[in-house]
Amino acid sequence: MAPDRGVRGAARVSPLYDPKIRGIVFQVLLAIGVVAFFWWAIDNARENLERANIASGFDFLWSRAGFAISQSLIDYTPDDSYLRSFFVGLINTLLVGVIGVFLASIIGFIVGIARLSRNWLVAGIAGVYVETLRNIPVLLQLLFWYKAVLAVLPGPRQAVELPLGSNLSNRGLLLPWPDVEPGFGATVVALGVAIVAAIGISIWARRRLYATGQTFPAFWTGLGLIVFLPLLVFLASGSPLQLMYPELKGFNFVGGLHIQPEFVALLLGLSLYTATFIAEIVRAGILAVAKGQSEAAFALGMRQGPTLRLVIIPQAMRVIIPPLTNQYLNLIKNSSLAVAVGYPDLVSVFAGTVLNQTGQAVEAITITMLVYLAISVATSLFMNWFNRRVALVER
């Protein structure tokens, strides 16, 4: 028995058979391999750039851009720097991402609930929409909206007149735009107060519901505050706001808000395509809730609408949010297809025009990749925080 104990003791002290030491050694070797690979890649890129007489670095960002951008939410001229053009493309990308996520979420939730409707016509239309658009590549949908729908619209002189003085033509969508006058700040303050009051009423109504079981029309009360309180202040301050309507002068419209067809095509394509996947996520989340939950709510006298809003949807959110995050990330990344319809997003402006003019391929692509990475990480962190907020607290 003594020799056996000696063998086992030698095995315990031998570092070759210690799993902790082996794990540390393998991790160190892997880290060295990763660092060596990136060092080789960077050094190889530097040598190739020097051999091709291409300057490296980020000094080009402060050089004159020399090209125009069709849509810019900030002041920009061709005399501005490449860095300024980078911010123009970034803001355009964020604009599409934020509005696209908002529209896709609304459409997806409506269609997802409609697919579960007892009305076969409503459920059938929702099903056809989902099964059709989600099986067509998003790039083809962008080209369809841009080439087959918006490009064939009539010119400005024969523009389609829409409500509220709006117009739709092959030059894009033109909407009335407010012209703010002095004194409008009071209306903005009233709107802020109404929003805070609506949030407070919503929190109070939820606590009251959990404590007593009695419901309160918090949504309609908050909506009434948000609509009527700023309206009363607006009228009392002499209506310090006028709308500028688009007017046809010559061969084009002037005045109002001009939304370019490239932006409309990109927004429609991304929103409608992503909404199909969100609709299926919402449908799956609702079906994941036990049927007894709705039956219990009906037994307490709750109607179908409040049951869906107060019982089913809150429980379904724990299933909906994780895959919903992926769809938001996909929409933001798919916005890089804007180059196909000529929308000046970050990829089109910075990884396209700036790269071609400066030849700084490594720097331009690296910056673009890091920006998309930062946007995606920020979106994931926000959705993870929201997921924790709506998670059910188990006893």
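Trainee: Which helices each supply at least two residues of the lining of the largest pocket?

Mentor: This is a predicted model, where local features need pLDDT of at least 70 and side-chain atom pairs count only at pLDDT 80 or more, while totals for chains, interfaces and linings use all residues. Residues are numbered from 1 along each chain as its sequence is written, and side-chain values use heavy atoms, leaving out hydrogens and water. A pocket is an open set of points on a 1 Å grid over the protein atoms alone, where a 1.4 Å probe fits, with protein on both sides within 12 Å along at least five of seven lines, and lining residues have an atom within 4 Å of a point. Here α3, α6 (185–212), α7 (218–236), α9 (291–299), α10 and α12 (361–390) each supply at least two lining residues, helices being DSSP runs of H or I with at least four residues, numbered from the N terminus. The largest share, 10 residues, comes from α10.

Trainee: How many residues line the largest pocket, and which lie nearest its centre?

Mentor: The lining has 44 residues, with R206, Y210, R309, L310 and P314 nearest the centre.

Trainee: How many residues does the largest nonpolar core have?

Mentor: A nonpolar core is a set of buried (under 20% relative accessible area, 1.4 Å probe, protein chains only) Ala, Val, Leu, Ile, Met, Phe, Trp, Tyr and Cys residues joined through side-chain atoms within 4.5 Å. The largest one has 37 residues, and L266, I320 and Y343 have the most contacts inside it. Its largest share, 11 residues, comes from α8.

Technical notes. Buried < 20%, exposed > 50% of the residue type's maximum accessible area, 1.4 Å probe, protein only.
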